[in-house]
Amino acid sequence: MRTSFLTLLTLALLIASTGPASAQVLQQNDKTIFLEAESFADKGGWGIDTQSVDSVGSPYLIAHGWGNPVADAKTNVVFPAAGEYRVLARTRNWVAPWTPEYAPGKFQIAVNGKKIGTEFGTNGIDWAWQEGETITIGADELDAEIALCDLTGFDGRVDALVFTADKDFAPGNDLESLAAMRKDALRLPDEIPVAADGKVYDLVVVGGGIAGTCAAVSAARLGASVAFVQDRPVLGGNGSTEIRVHLNGDINLPPYPNVGNLTKLMGPHGGGNAREAGHYKDEQRLELVEKEKNIDLYLSVRVDRVDVEELDGSIRISSVCGSHIETGQQLRFLGKTFADCTGDGVVGFLAGADFHMGREAKADYDEPSAPEQGDKMTMGSSVQWNTAETDEPTTFPELPWAIQFNEETIKPSTHGDWDWEGGMNRDQVYEMERIRDVGLRAAYGHWSYMKNHTPAGWEEKVKNRKLNWTAYVAGKRESRRLLGDVVLREQDVVDAHPFEDASVTTTWSIDLHYPEPSNLKHFPQEQFRAICEQVQIKPYAIPYRCFYSRNVDNLFMAGRNISVTHIALGTIRVMRTGGMMGEVVGMAASICKDHDCLPRDVYESYLDELKALMEKGVAPPTPKASALVRPKWLTEDAKNIAPQATITVDSEYTRGPKYPKENINDGKFDISSNEGRWVSDVDDGHWVDFYFEEPVTINAMRIVSGQMGGKTPIRDFHLMYEKDGKFVDIPSTNVTDNEAVIIGMKFEDVTFTSKRFRLMITQTPGGLARLYEVEFYCVD
């Protein structure tokens with residue numbers, strides 16, 4: 001069930017002026033109006049940024065059009081009297097930290113359709129009040145339409161506006177005075193109203209990513225009342241259309257194979273990053289949540305306060321408070337237990353929970369791979385992007401304010417994947433605006449170079465392509481990790497240390513990210529590309545005691561902010577693993593409800609009950625064919641003729657270990673290992689040619705692709721054969737949206753004879769084609 005702010009919005013509109021097109025307005029006196037940008041009734045093409053609230057002080061509007069000016073944001077206000085008004089906008093020149101002589105984020109303000117001459121967004125490095133031209137409001141113009149008019153499409157931003165007839169009025173700019181001004185503007189009461197008429201929820205879930213969504217649904221299905229609070233208008237977190245990271249990590253594994261049934265409903269496994277919006281299934285998740293009668297869903301509400309009680313040295317949360325990211329209206333959520341699924345550990349941090357951020361020293365947990373000295377380095381945040389083919393040649397401007405590339409530094413691409421990652425040596429909470437902005441400057445600068453200084457061999461590839469999408473919400477990997485009764489360590493995972501409360505099985509490698517060496521060399525101050533260093537593991541069950549706080553008695557956690565070291569985070573942080581954590585947290589919360597107990601009590605007194613729930617799961621299993629089942633046509637005596645071919649490929653992997661093409665037809669594969677594969681370099685399309693000395697006849701093939709654990713198979717592909725010197729499609733081999741690691745097909749009672757065959761791979765996760773084996777047969 002989705003709960004609205006209907007009563008509070010009605011109040012806000014009455015406070016403002018007239019009609020549904022009004023924003024929140026402070027009539028400071030009979031001379032001054034304060035107007036929140038994010039509360040504009042019609043936001044046009046402007047988006048709302050909430051990742052930087054801790055540093056900016058408020059959500060703000062951003063004109064993110066990747067170079068195409070966005071539609072105007074509009075709202076109505078009523079001026080208190082006719083006369084002359086000074087106009088101020090709280091804004092900044094977002095590229096000033098690097099190129100203060102340029103200001104790509106320019107915008108204007110229009111009043112009743114007339115633009116003020118000042119170009120805003122040019123005022124300097126810091127958020128501050130930029131004053132524009134004075135305007136005159138006539139007696140017949142008091143009911144006025146205000147518009148924000150983007151001039152560039154390059155991420156102009158505005159927090160608030162002031163119109164004042166007071167020549168001496170100076171709005172405050174520090175976070176404390178701004179908060180006080182906003183409180184007055186919204187007429188917020190000193191006592192924050194309680195949600196749902198004072199209801200005390202069994203579980204309050206904060207954070208609507210995959211982990212939080214699974215926690216809310218799991219608890220609700222087991223009879224708990226749930227308040228589900230998410231600070232964005234969509235569910236899914238990194239897996240949503242806003243960020244577009246595919247879901248990874250294996251599910252439905254021992255010791256509890258039914259854990260993962262719910263996670264599977266969150267969206268497809270793999271399929272690639274930074275793809276078209278429809279791949280990420282926002283509506284599917286929303287529909288799933290809204291069907292649950294025990295869930296009250298509060299979208300676009302950012303938790304910014306936690307109330308606690310301290311008894312005998314322990315901390316217990318009594319409520320969390322949140323503000324709507326558009327209206328600023330506040331609500332208090334009362335609960336018995338709380339789940340921090342925010343990724344940044346927001347609830348735990350505000351409650352005083354023990355946490356760590358950065359890399360631990362070797363002496364802290366005796367981890368073999370830990371540095372001798374701990375530091376604040378984390379994995380970074382990704383700003384992904386993509387391009388699209390058009391019917392006509394396209395242009396993109398030269399951008400002197402963006403990151404500048406040359407022949408040595410450019411790595412040609414038409415797609416920005418996970419490795420467009422930066423900010424590893426910056427604070428992933430308080431410096432998020434800068435981290436994200438570096439990512440934007442990198443994406444824009446790269447595409448500008450590709451279009452205006454096209455590398456040799458890429459002319460036709462980019463000629464008709466346009467920049468199609470860039471994220472303005474960065475995809476985070478790491479920040480605060482809340483500490484539980486068990487802190488999972490590197491050696492626990494690598495040595496398969498058993499815990500009696502083993503629960504969710506992690507399968508991802510210990511995958512840690514570092515600045516890409518050449519990127520760090522050429523851009524030492526603002527690195528924006530990353531590499532990964534992976535240590536393969538066997539499936540490992542995480543102890544339940546990593547899912548609750550050691551010093552906040554009624555706080556659960558699920559997702560990347562659970563109780564692990566930096567190194568152990570490398571394996572547990574992927575979203576399908578986090579989803580299973582959410583399932584288990586929801587189960588534990590239902591036990592807390594049934595026994596009026598706390599998360600630690602579930603381990604100490606009710607572990608058998610939790611194990612029984614994990615055995616059963618909270619969603620029925622979905623049919624799944626075993627990847628290792630042989631097709632009926634593939635008999636034991638069928639002969640694979642592919643090993644007779646000489647292999648040619650479009651590329652080979654250049655960013656790490658070598659995966660040679662000879663592996664494609666060596667007659668063997670082992671999907672429990674990443675060895676024995678061919679891996680391409682990063683590109684939008686790939687091909688593999690099979691050349692035979694003499695013509696061969698085939699009517700069936702089997703393809704084994706992806707990586708260890710059944711992840712990232714090739715997605716869209718088809719087979720071709722050479723006829724009269726040209727490659728011709730074999731129609732029955734055309735496959736799209738493939739999720740199977742092993743796929744076999746027989747060609748509809750038709751045989752094809754040729755000396756040369758080509759496997760065309762047109763869509764792959766992350767632009768990498770990964771093939772264990774391709775087999776050709778001629779069968780009855």
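The model is predicted. Valine 679 counts as buried, whereas leucine 350 is partly exposed. In helix α3, the buried residues line one face.

**Valine 679**

- Strand β32, which spans residues 678-679, contains valine 679.
- The relative accessibility of valine 679 is 3%; because buried means under 20% relative accessible area, valine 679 falls in that class.
- Leaving aside residues up to four places away in sequence, valine 679 touches Ser651, Glu652, Tyr653 and Tyr659, together with Leu768, Ala769 and Arg770.
- Between valine 679 and arginine 302, the C-alpha to C-alpha separation is 42 Å, and the two residues are 377 residues apart in sequence.

**Helix α3**

- Helix α3 covers residues 175-185, and its buried residues are Leu178, Met181, Arg182 and Ala185.
- Viewed down the helix axis, these buried residues of α3 fall within an arc of 100°, and therefore they line one face of the helix.
- In general, an α-helix has 3.6 residues a turn, so residues three or four places apart point the same way.

**Nonpolar surface patch**

- A nonpolar patch on the surface is formed by Phe349, Leu350, Phe355 and Tyr430, which together have about 320 Å² of accessible area.
- Leucine 350, one of the patch residues, belongs to helix α6, which runs over residues 346-351.
- With a relative accessible area of 34%, leucine 350 is classed as partly exposed.

Terms used
Residues are numbered from 1 along each chain as its sequence is written. This is a predicted model: local features need pLDDT of at least 70, side-chain atom pairs count only at pLDDT 80 or more; totals for chains, interfaces and linings use all residues. Side-chain values use heavy atoms; hydrogens and water are left out. Helices (H or I, at least four residues) and strands (E, at least two) are DSSP runs, numbered from the N terminus. Buried means under 20% relative accessible area, exposed over 50%, partly exposed in between (1.4 Å probe, protein chains only). Contact means heavy atoms within 4.5 Å. The arc is that of the directions from the helix axis to the C-beta atoms. Patches are made of residues with over 30% relative accessible area and no salt bridge: like charges are joined within 9 Å, nonpolar side chains (Val, Leu, Ile, Met, Phe, Trp, Tyr) within 5 Å. Accessible areas come from the Shrake-Rupley method with a 1.4 Å probe; for residues, only the protein chains shown count as cover. A salt bridge is a side-chain nitrogen of Lys or Arg within 4 Å of a carboxyl oxygen of Asp or Glu.
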